[in-house]
Structure formats: structure tokens, C-alpha cells
Amino acid sequence: MELLINIYIFVLGLIFGSFFNVLGIRVPRKETLMGRSHCNMCDHKIRWFELVPVLGYILIGGKCTKCKTPVSIKYPLMELLTGTLFLVSYIILQENMVEYILVVSFISLMTIITVSDLYYKVVPDIILLVFLPIILTLRIISDAMPWHVGIIGGIVAFIFMYVIALYGKMRFKTVALGGGDIKLYFLIGIFLGYNLVFLSLFFAALSGIVASIFIRNRKDKYIPFVPFIYFGSMMAYFFGQQIIDWYVSLFL
């Protein structure tokens with residue numbers, strides 16, 4: 001029975017991941033969410049079996065069946081990422097369903113804006129506004145941490161990121177940190193709490209630096225930061241406290 005539940009949650013995550021791809025691509029362009037998916041090159045309407053998460057991509061060989069334009073590997077990767085995180089979170093948090101729903105909500109938020117950042121280099125305000133009351137309410141209701149830890153975390157993270165952005169603009173005379181990232185960290189602070197939110201930023205910055213080393217010769221020098229924030233936040237949530245305890249034990 002447990003195996004069937006795990007399979008169900010993973011498949012559900014794949015389906016939601018497919019929908020999050022659509023949201024991340026269409027919302028920034030202010031496109032309707034009701035229209036059928038289509039090829040951006042030839043306007044070919046995607047058939048139902050092509051929309052099956054991951055399998056659809058494999059069936060069409062990663063190319064539009066009409067014009068043969070390559071379909072981005074980002075689609076199945078985001079579906080697999082969402083399905084995997086839905087399942088891993090359930091395995092860890094199945095005894096606390098409120099916290100699990102909170103984590104799933106956060107995964108949903110981060111998947112959508114990761115897609116937007118990868119395609120358009122933007123973090124849509126409307127997505128943040130939709131998820132803010134959801135994440136805030138669930139953090140208050142959940143007993144995984146005191147509610148004020150999340151509230152303080154959101155405020156502190158926002159102020160910290162704003163100060164960094166302000167200093168960067170004054171010091172380097174350019175935009176060092178996007179406004180979307182600053183507002184995003186307000187939600188991340190609520191989700192993680194003040195004790196873990198800076199660990200999230202550390203992991204995000206570290207992974208971003210490592211990635212920049214491998215792609216520094218790329219023609220497009222822009223490196224989307226949201227995917228690294230996503231990675232850093234998940235690392236901080238699942239392993240942050242253990243890392244902090246280990247670090248503290250080195251000096252005690």
C-alpha cells in the first residue's frame with residue numbers, strides 16, 4: 001500500500017511539474033492558461049500523448065513532430081524534479097501533513113519561478129503574491145517551528161537582501177541583485193525561518209559560483225540565480241539544522 005501511495009505522489013508531482021512549466025512560461029507573457037499547448041515555431045497543437053509528463057518528451061524524440069524543432073530538455077527535467085521533491089518530502093514529512101503541504105506549496109512556487117527565470121530572466125510578482133498568503137498561513141498553522149521564527153525570518157531576509165542590492169548599486173553603479181530575488185527571499189525567510197534562511201543564501205551563492213566556473217566561456221554571460229536559490233533553499237530545509245549542529249559541535 002505504501003508503495004502505491006509513493007507512486008501516486010510521484011506521478012502527481014510529474015503532472016503538477018508539467019503544469020508549472022506552463023505557468024512559468026505563460027504568466028510572464030500574460031498568455032491565457034486555457035489555450036492548448038503549441039510549438040512556438042510552427043504553432044503545431046500538441047497532441048494529448050505528447051503532453052504526458054516525461055514520456056511524451058521521449059515519444060517525440062525531443063523534437064516537434066511537425067517542424068522537427070528541438071523541444072527544450074528543461075520540460076522533462078522540471079517535471080522529474082517536481083515529482084522527486086514531492087515524493088521525498090512525503091517520505092520525510094508524512095507524519096506532519098500541514099508541514100508537507102507547506103513544503104509542496106514552496107516547491108510549487110520555486111518550480112514556477114525557476115522556469116520563468118530560465119526562460120525570461122524574471123520573477124513574476126503575481127506568482128509571489130499568490131503564494132505569499134498560502135505559505136504564510138501554513139507556516140503559522142504548522143507546528144514544525146514557532147510561527148514567529150518564520151515571520152522574523154521573512155523580515156530579516158528581505159532587509160538583508162535589500163541592503164545587499166543597495167550596496168551593490170552604490171558600489172558598482174549597476175543592479176547587483178534583482179528586485180524579484182529580494183521579494184522572493186521574503187517568502188523563503190517565512191518558509192525556512194531566521195535560523196536557516198542565511199544558510200539557504202550561502203548554498204545558493206556557493207552553487208552559483210561553482211556553476212559560473214563551468215560556464216564562464218559561454219556567449220550569454222547571464223546566469224539565472226533562482227535555480228541556485230531553489231537548490232540552496234531545499235538544502236537548507238532538509239539538511240540545514242544537521243549542518244548547523246555539526247558545525248557548532250566542532251567548537252564545543
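The crossing of α1 and α4 is right-handed, meaning that the near helix is turned clockwise from the far one by less than a right angle. Helices here are DSSP runs (H or I, at least four residues), numbered from the N terminus. This is a predicted model, where local features need pLDDT of at least 70 and side-chain atom pairs count only at pLDDT 80 or more, while totals for chains, interfaces and linings use all residues. Residues are numbered from 1 along each chain, and side-chain values use heavy atoms, without hydrogens or water.

The two axes, lines fitted to C-alpha atoms over the stretch in contact, come within 8 Å and cross at roughly 40°. Contact means heavy atoms within 4.5 Å. α1 brings residues including Ile9, Phe20 and Leu23, and α4 brings residues including Tyr100, Ile112 and Val115. This contact has 9 nonpolar residues, 5 polar and no charged.

Next, the core. The largest nonpolar core has 50 residues. Such a core joins buried Ala, Val, Leu, Ile, Met, Phe, Trp, Tyr and Cys residues through side-chain atoms within 4.5 Å. Helix α4 gives the most, with 10 residues. Met110 is among the residues with the most contacts inside the core. Beyond four places in sequence, Met110 touches Leu184, Val226, Ile229 and Tyr230.

Phe228 lies in α9. Its relative accessible area is 15%, so Phe228 is buried (under 20%, with exposed over 50% and partly exposed in between; 1.4 Å probe, protein chains only). Beyond four places in sequence, Phe228 contacts Ala204, Ser207, Gly208, Ala211 and Ile223.

Terms used. Helices (H or I, at least four residues) and strands (E, at least two) are DSSP runs, numbered from the N terminus. Axes are lines fitted to C-alpha atoms, for helices over the stretch in contact, and angles run from 0 to 180 degrees between N-to-C directions. Ala, Val, Leu, Ile, Met, Phe, Trp, Tyr, Cys and Pro count as nonpolar, Asp, Glu, Lys and Arg as charged, and the others, Gly among them, as polar.
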